[in-house]
Amino acid sequence: DYDKPYNYNVITKLPQTIHQYETFIVTDEVDEGLIVNDAQVTVDGDTTKAVEVTIDGNVVTATVTDFASLAGKGQIELVITAKIDPETDISKYEDHLIPNVANLDFTNESGEEKQKETKPVTVTPPPTDPTITKDVEGVDHLDIDYDKPYNYNVITKLPSNIEQYETFIVTDEVDEGLIVDDAQVTVDGD
């Protein structure tokens, strides 16, 4: 759903010599098709003051500020909460998938500056166009006797952004050779 928040988990393994590093920065430039709501960081599952998180629009940065306190620690986990921007034109994305990658920039104990990038992860927005199907007693064709009642089922999958619609009408023009006894509408079976 467009309003449903998704968590991106960026897990970065810490080197054994992290306490000797000069810089260690995880950056996630979240795609413009998403909206960043929040970001939190933990070290080995615990909250920490050794890593500072900043959010600037869709750019989330986790910067190590206290290298000594990370000695002997295993990993940093940056959790970015984002949702799909309802204004996103999904047709501009390959296979309708919104990609996301994170980068790690660091200067190690030898003074070498390096960068690594994650493999892309993706989210797919739900369809915004409704779908409609029709069957007769659950099949495409039914041989039936005269005067025996049977049911047509018209099933419409509502779009995820239904609240933005002004009207939504489902019409079934039944053949004049048939007599309609009753019609019922349910939403999610209710």
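Me: Where does Asn108 lie?
Reply: This is a predicted model. In it, Asn108 lies in the loop between β9 (103-107) and β10 (113-117).

Me: Buried or exposed, that Asn108?
Reply: Asn108 counts as buried, because its relative accessibility is 7% and the cut-off for buried is under 20%.

Me: What does the side chain of Asn108 reach?
Reply: The backbone nitrogen of Glu112, at 3.0 Å.

Me: And which residues is Asn108 in contact with, leaving aside neighbours within four places in sequence?
Reply: Those are Tyr21, Glu22 and Lys114.

Me: Where does Tyr21 lie, then?
Reply: Tyr21 is in the loop between β1 and β2. Tyr21 is buried, with a relative accessible area of 11%.

Me: Aromatic pairs next. How many are there?
Reply: The count comes to four. One of them is Tyr21 with Phe106, a tilted pair at 5.8 Å centre to centre and 35° between the planes. Phe106 sits in strand β9, so this pair ties together parts that are 85 residues apart in sequence.

Me: What about Phe106, buried or exposed?
Reply: Buried, at a relative accessible area of 9%. Phe106 also pairs with Phe24: the ring centres are 6.3 Å apart and the planes are at 35°, so that pair is tilted too. Phe24 is in strand β2 and Phe106 in strand β9, 82 residues apart, and the pair links these distant parts of the chain.

Me: Which residues form one aromatic cluster?
Reply: Tyr21, Phe24 and Phe106.

Me: Switching to the largest nonpolar core. Which residues touch the most other members?
Reply: Phe24, Ile76, Leu78 and Ile80, out of 31 residues in that core. Elements giving two or more residues to the core include β2 (23-29), β7 (75-84) and β9.

Me: Now the open sheet. In what order do its four strands come?
Reply: The order is β1-β7-β3-β4, with antiparallel pairing. β1 and β4 (46-47) stand at the edges with a single partner strand each, so one side of each has no neighbour in the sheet.

Me: Over how many bridges do β1 and β7 pair?
Reply: Eight, in the antiparallel sense. Val10 stands opposite Leu78 in β7, and Leu78 is among the core residues that touch the most other members.

Me: Last one: what sits over the ring of Tyr152?
Reply: The charged end of Lys134, 4.5 Å from the ring centre.

How values were computed: Residues are numbered from 1 along each chain as its sequence is written. This is a predicted model: local features need pLDDT of at least 70, side-chain atom pairs count only at pLDDT 80 or more; totals for chains, interfaces and linings use all residues. Side-chain values use heavy atoms; hydrogens and water are left out. Buried means under 20% relative accessible area, exposed over 50%, partly exposed in between (1.4 Å probe, protein chains only). A polar contact is a pair of N or O atoms within 3.5 Å; within protein, one must be able to donate a hydrogen and the other to accept it, and residues adjacent in sequence count only if both atoms are side-chain atoms. Contact means heavy atoms within 4.5 Å. A nonpolar core is a set of buried Ala, Val, Leu, Ile, Met, Phe, Trp, Tyr and Cys residues joined through side-chain atoms within 4.5 Å. Two strands pair if DSSP finds at least two bridges between them. Rings of Phe, Tyr and Trp (its six-membered ring) pair if their centres lie within 6.5 Å; planes under 30 degrees apart count as stacked, over 60 as edge-to-face and the rest as tilted. A charge sits over a ring if NZ of Lys or CZ of Arg is within 6 Å of the ring centre and within 35 degrees of the ring normal.
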